[in-house]
Amino acid sequence: MYEKVNADIIEALQRIVGSENVLVDAEALEPYTHDETVGLRAAPEVAVRVRSAGQVAEILKLAQRERVPVTPRGAGYGLSGGAVAVQGGVILSTEKMNRILEIDKENLMVTVEPGAITGDIHRAVEAEGLFYPPDPASLDSCSIGGNIAENAGGPRAVKYGVTRHYVCGLEAVLPSGEIITCGGKLVKNVTGYDLIQLLIGSEGTLAVVTKIILRLLPLPRVQIDLLVPFADFQAAADTVSDIIAHRVLPTTMEFMERDSVLAVERLSQKEMPYHDAAAHLLIQLDGNSQEAVGSDCDVVGELCLEHGALDVLVARDSRTRDRLWEARRLIIDALNHESPVNHMEDVVVPRAGLPPLLRGIKEIGRRHDVRVVCFGHSGDGNVHVNVLKDQIPDERWKALVPVVTEAIYRLSLSLGGTITGEHGIGATRRKYLHLALDEAQIELMRSIRAVFDPNCILNPGKIFP
């Protein structure tokens, strides 16, 4: 179906972007062979670093003529293999398109290029008293273009939503090489089909985004964080529901189970508060007045204690907040330290489904004699499930992962959930897509892709089985 990259194509790419931005030797290509998905690697034949929409357009026109696959790539911090060139061909990297072009304080908008690091956007707008809420865990490393491709979320999603809720305009290059501009600095726009929302979360299969306009909010003036340990997870989950029922909407409501806290202790060699508690909630409240946020804090603290919390630890300054969040930030590092080979899923269920989901996941682990550690976002029902290889022999591990994965997916679906809340389908979950979507939906999505890219040159091997 696809042609190999030959010397003529290399020369054409060099004419478009300059020879210094065309990488072909194995050592230079190595960083482009993987993202953050454990165990997935595939070598492209060439990596090309672009600086403009015009260069992207010329590359895609070339790829169409030569029938060469192109895999768009941001910073490479995805967790589903979306930026891995599983069909070879060309990696199209936007890493050099990393400018914050304009902060428009009148319209509360920021215009950025796709390679801009999300954390840099946060800091730039916050220096102006403004706020871009989406906060994926890798925000100091991931790019906003990757966030657009995956519709990234984060802990603040419970109050502020995810990436798609803040995108007002996009410039994008279609697989044909045509450049389109959708939306703009507009809060309202119902002119035709909403192509912006179609492109967000399309995982680089429909177009290459080259410019983004994001909606901003005023920066909240007050923030309070609480760390709340519980003797059992059901009590913690009931507390989350009760907080929402009392019309208090925290910025974040994260949970950590005991095993994740103990793993952090072993890595940091520091004792964590209430490390023996079955579950911890990390709750953040924000707003514009000390009185209002303090009142919400009192309500949340009282509800936690009514539901049997062992304590309510409160942080009102940044130094104390950092101490409360230390364990949550170190979980991934701690689990990778204990088991460098592991498998992560990010299933999502309605909030009320969290207790049966976690009980069921632990039962799956016991049934297959494998260690499973969970943490995640109790405020929106999104659970990061970490299956650890530990000392399991390679052959058994290889056979075990798909069995455990499917069992976790089926459990989530049985509780009204689905198979991924943040990380996307990509290359790693596409064979399970039929579990979550019926054939009519899958065929409709395939048809949409075929309209955009009839030759399927853009990010092939992703999403669809």
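Which backbone oxygen does the side chain of Asn21 reach at 3.1 Å? It is the backbone oxygen of Val17, a polar contact in the sense of a pair of N or O atoms within 3.5 Å, where within protein one must be able to donate a hydrogen and the other to accept it, and residues adjacent in sequence count only if both atoms are side-chain atoms. The structure is a predicted model, in which local features need pLDDT of at least 70 and side-chain atom pairs count only at pLDDT 80 or more, while totals for chains, interfaces and linings use all residues. Residues are numbered from 1 along each chain as its sequence is written, and side-chain values use heavy atoms, with hydrogens and water left out.

**Overall architecture**

- The protein has 15 helices and 18 strands, these being DSSP runs numbered from the N terminus (helices: H or I, at least four residues; strands: E, at least two).
- The radius of gyration is 23 Å, close to the 23 Å that the globule rule gives for 465 residues, so the protein is as compact as a globular protein of that length; the radius is taken over C-alpha atoms, and the rule is 2.2 Å times the number of residues to the power 0.38.
- Along its principal axes, the C-alpha trace spans about 70 × 60 × 45 Å.
- Of the 465 residues, 56% count as buried, where buried means under 20% relative accessible area, exposed over 50%, and partly exposed in between (1.4 Å probe, protein chains only).
- Among contacts (heavy atoms within 4.5 Å) between residues at least 6 apart in sequence, 72% join residues at least 24 apart.

- Asn21 is placed in the loop between α1 (7-17) and β1 (22-23), and it counts as buried because its relative accessibility is 4%.
- Apart from neighbours within four places in sequence, Asn21 is in contact with Ala47, Val48, Arg49 and Lys96.
- Arg396 belongs to helix α13 (residues 394-414) and counts as partly exposed because its relative accessibility is 36%.
- Not counting residues up to four places away in sequence, Arg396 touches His368 and Asp369.

**Helix α9**

- In helix α9 (residues 258-268), the buried residues are Ser260, Val261, Ala263, Val264, Glu265 and Ser268.
- These buried residues pack against β13 (252-257), β14 (279-287), α11 (318-338) and β17 (371-377).

- On a 1 Å grid over the protein atoms alone, a pocket is an open set of points with protein on both sides within 12 Å along at least five of seven lines, a cavity is a set of points where a 1.4 Å probe fits but cannot get out, and lining residues have an atom within 4 Å of a point.
- Grid points are joined across faces, edges and corners, and a volume is the space filled by probe spheres set on the points.
- At least two lining residues of this pocket come from each of α6 (157-160), α7 (195-199), α14 (433-436) and α15 (439-452), and the largest share, three residues, comes from α15.
- By class, the pocket lining divides into 16 nonpolar, 16 polar and six charged residues; Ala, Val, Leu, Ile, Met, Phe, Trp, Tyr, Cys and Pro count as nonpolar, Asp, Glu, Lys and Arg as charged, and the others, Gly among them, as polar.
- Ile425 lies in the loop between α13 and α14 and counts as buried because its relative accessibility is 9%.
- Leaving aside neighbours within four places in sequence, Ile425 is in contact with residues including Ser80, Glu203, Leu433 and Ile463.

**Enclosed cavities**

- There are two cavities of 30 Å³ or more.
- The largest cavity has a volume of about 60 Å³, and its lining has seven nonpolar, one polar and one charged residues.
- Val261, Met256 and His280 are among the residues that line the largest cavity, to whose lining α11 gives the most, with three residues.
- The second largest cavity has a volume of about 40 Å³ and is lined by Ile9, Leu13, Ile59, Leu62, Ala63, Val68 and Val90.
- The lining of the second largest cavity has seven nonpolar, no polar and no charged residues, and its largest share, three residues, comes from α3.
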